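Welcome, and thanks for taking a look at this protein with us. Please have the sequence and the model open as you read.

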Amino acid sequence: MSRITAVTSRLLLLGTAIASTSAAIGAPALPIANRSSFRLGDAGVMCTAQSRATDPRLTGIFDRGYMLTCRDAASAVGSLLAVRRSVDATTEPSALKAGILSCGAPTQVVVEGAGAATSLTCRDEAAKLDYKRYSLTRGKTSYLVEGLSGYDPALRFALGSVVSDRPQSGAVRVATTEVSDAAAFARTQAGSLDPAAARIEAYTLNNGGQFAQSEQFFETIALRDRNDAPALAEALANQGLQQSNLSNFSAAIRLFDQAESKAPRTDPVLQRLIRNYRAINQINQRQADNALTELAKPVATIQLTEDQDLRNGLITLALADEINRESNAYKQVDVGTGLRPAERAMVLDAQALQLSGIALRMNSKLAQASADLSKAQGLLRKVRDGKLASAGWLSADIEVERALVAEASGNGGSAIAAYDSAINLLAHNYPDSPMLLAARARKASFLARSGDAVGARTLFADLVDQSALIPDSGIALRNLLTPYFELLAKDGSAASAVLMFRGAQALARPGVAQTQAVLARQLSEGDGEASALFRLAVKRTREIARTEAELIDLSAKKAPSPADVATLTATKASIEQMRADQTSLQSQLAAFPRYKVLAPQQTDLSELQSALRAGEGYYKMMAVGDRLYAVFATHETARAMRIGLNRNVMADKVSQIRNSIVRFENGQATTDPFDADNARSLYLDLFAPIDGEVQALKHLVFEPDGPMLQLPPYLLIAKQGGLDAYKARQKLVNADEFDMRGVDWLGRGREISISVSPRSFLDVRAIAPSRARNAYLGLGDNAPITVKPVAAVADDCDWPVQQWQTPISSAELTLASAVFGPSNSKLLTGAAFTDTALLQDGQLDNYRILHFATHGLVTAPRPDCPPRPALVTSFGGPESDGLLSFREIFDLKLDADVVILSACDTAGAATTGASREAGVMTGGNYALDGLVRAFIGAGARSVIASHWAVPDAYDATKRLISGLIEARPGEPLAMALGNAQRGLMDDAQTSHPFYWAAFIILGDGAKPLINSAPTRVAGK
């Protein structure tokens, strides 16, 4: 039985859905004139046009206006008018915030889809920006599109689409930093729309399964509608549902409670909406009985006279009030096509019956489930005589449930018919949507369960290929590809490896991999004007995201002071200017062709194999549902396989191994005899089918997923003989359980790198080395304090002063600095090592190696506080808090080959909240998304981080670091670390993995630490 979260994850949003947002079932695609938004082109950079009914240039009921937005641009890049009046391109006001424009002479051009048009090029001399305008008249309608010249292809596609009344095909080739994802782009889109139009688009996105984008729309709506209780309640409820779909069930309940407190008690639509969402939250937790309890709760009745009054031409006072409140949304469609409250209530009640059917099916009450599903479909047909296109998603969901009930009843033919019906409904109403892919995946899963392996593989392979072109598809497919991977793993051939490798990329999460891609894109143009402009555009993007987070905090204050209100007003004005500035920078990037080329969204296995050298292997793990799979590839071979244990069992093994390395009791670190049996067992779980190939490797690139994100792979035991010898020694008198010499570790004699995605590995391998003049900068040994400076005490979630009282010794920094000599290295320790000094230091990019020996803070000071990753520093100026935060690290400007983080658990995660505070709109909540990601964002090609604090005992840390730093010119980084680790493995006092296995290399360990002979002092 499929996971219920996936089944219900699109049974989501309908509060203000409008029929004009999708085509009627069985009808051809809607004309552009009847759409609230449409994509510009069908390839290249994602750009869209959103209807803007509030454009002041619109004067007649047939006039239309659009704002044009493109991915990575923080504000609109252009606007378009279609009006029943004459338009003079030289004098028509602009919807963009441009300065004084000087325009050249008009010229005649041909725009595909539109025909002959007048073209005008204008320049804002103060801003050094060019603008384009195109105008033409067809019949009674005049058209004008205007915008930044750097987005000229988008302007042309927009004009051609609106004039021809159909989408134009082709690639939009404009500049992109690729620093954002689909969700971040959705936030920009939402900001360009009026609230009613934004709400319509939010529901449209969500009903098509684009949940992350929809969430951004609703978050923007909630920020805007703080003073509109019903609108705020609706937005909060939808945010809660998104949290439920992400398995954050407690957060969902909290948001539902907030929504209920804001919703008017007499609002029957909102009551039904929240009732259904609470039921979905229970179903997502597989609590069928609780869902039925929620659905049985009473809701307010609704008057059914309004809709009939409207049909009879009678507009009551209540209806007039609603029309006035929502008039913006209906400027382009007849009011009668919008759903009235009574109709919305009927759709929500139909959904409640469908949810009841799901819960009953979960309880194996198939006859009752089938009856409720039939009632749901019947009630839905009563709305608009069954022609309500915007509820096509619900009809499709009901068909999917019918298929599951039919399958459970042993009626395969009916199941196939129901799946096909759902697919057809979604294809008509939500083409190219994640929900269409999900419906097809469900049918493919059914085919696999029914024994049609060939049909299932064919259908799965096709939808995986399509998923690369559809934003948000990974969320919808994450728990639906298990049957596909199971089929491929059973096959195990090289061809299956190609398919599994491709399928895995549909599930990729944003995070450190995306940050590495941005760094690679920035460095692709060297360090000249293009790279500087790129870095500035990225910086502005993050500043905007940070300011948006501050706006949310300011808006959420229950009793704002006059100063808070003034700050809020000023911040809103500031962010608009920041968005305009950032968009201008994006437009200027168009002058550099490299930034008009999109980085590949998927990597073919053959591309990865061609980059692997002799003796190298890439092992890619994939957690799909509760199962684990892997693809192993070398230059010549590839294999797909299932890992022989599930996620929970692996998590238990990893936890037991971690606890035997270091655990904390009463604040004290304790090391136990190493759990060698689980370390050997876990090696076999991961590598047994390819043991011979792994044993022969010189360099293993390991891409972890699931529980293995928490464990360095070096400490897995690769051969039984050494383990048997160790166990035999333990039977001797006075045996030392901590003496593990002779054990055949995976990291012994093998270089190991950690990767986060195939694309990021290829990007890092291709990046040119640092151009920094100096070799080494060592930082650490903070100045101890007894009392925090008053200015540094912010709130109850501050770290206690004890964090600054036991600094890490600077011995390893001094040793490393001595290797390179005073002319090629520098130390910042003690009172000089402050957060303010680092943030003000414009010379950090002059060092190829940066080495931090200080405490890393990756958890929270208290359980009720949010974790915010940071490094401990000395206290500096008045604004200092003695911490180099995740956000501040992102702001550093580095040009480093390697950053070494010799601190506690620096390979840990950052929360989504901490990521947003840093202006990073993607990723979060996964291991390696913390300090590692921040330093990559600052400009580090590779990062050496630790899974636990390496002890000073037996000089373990110094020996590892000296082994790294004393690498020979040209010696691979992973080889240098491996040699240093081997020295500790062969020492009885340090052979326990606690002493040598903590560090990982995120990046390409085959690259040398030192490219040319460093300057060394005498005797070194």
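## The model and its overall make-up

This is a predicted model, in which local features need pLDDT of at least 70, side-chain atom pairs count only at pLDDT 80 or more, and totals for chains, interfaces and linings use all residues. Residues are numbered from 1 along each chain as its sequence is written, and side-chain values use heavy atoms, with hydrogens and water left out.

The protein has 37 helices and 27 strands; these are DSSP runs numbered from the N terminus, helices (H or I) having at least four residues and strands (E) at least two. Of its 1020 residues, 58% count as buried (buried is under 20% relative accessible area, exposed over 50%, partly exposed in between, with a 1.4 Å probe and protein chains only). Among contacts with a separation of 6 or more, 71% join residues 24 or more positions apart; contact here means heavy atoms within 4.5 Å.

## Helices H14 and H15

Two packed helices are described by the angle between their axes and the distance between the axes. For H14 (residues 392-408) and H15 (residues 412-429), the axes come within 8 Å and cross at roughly 165°. Axes are lines fitted to C-alpha atoms, for helices over the stretch in contact, and angles run from 0 to 180 degrees between N-to-C directions. H14 and H15 are therefore roughly antiparallel to each other (angles over 145 degrees count as roughly antiparallel, under 35 as roughly parallel, 65 to 115 as roughly perpendicular and the rest as oblique).

On the H14 side, the residues making the contact include Trp393, Val400 and Leu404, while Tyr419, Leu425 and Leu426 are among them on H15. The residues of this contact divide into 12 nonpolar, 5 polar and 3 charged (nonpolar: Ala, Val, Leu, Ile, Met, Phe, Trp, Tyr, Cys and Pro; charged: Asp, Glu, Lys and Arg; polar: the others, Gly among them).

## Asp895, in a loop

Asp895 is found in the loop between helix H32 (886-891) and strand E25 (896-901). With a relative accessible area of 17%, Asp895 is buried. Its side chain reaches the backbone nitrogen of Arg771 at 3.1 Å. Not counting residues up to four places away in sequence, Asp895 touches several others, including Ser770, Asp845, Tyr847 and Arg941.

## Ala448, in a helix

Ala448 belongs to helix H16 (residues 434-449) and counts as partly exposed, at 22% relative accessibility. Leaving aside neighbours within four places in sequence, Ala448 is in contact with Ala456, Pro483 and Leu487. Ala448 and Glu486 are 38 residues apart in sequence and 9.6 Å apart in space, C-alpha to C-alpha.

Conventions: Polar contact = N/O pair within 3.5 Å; in protein donor to acceptor, adjacent residues only side chain to side chain.
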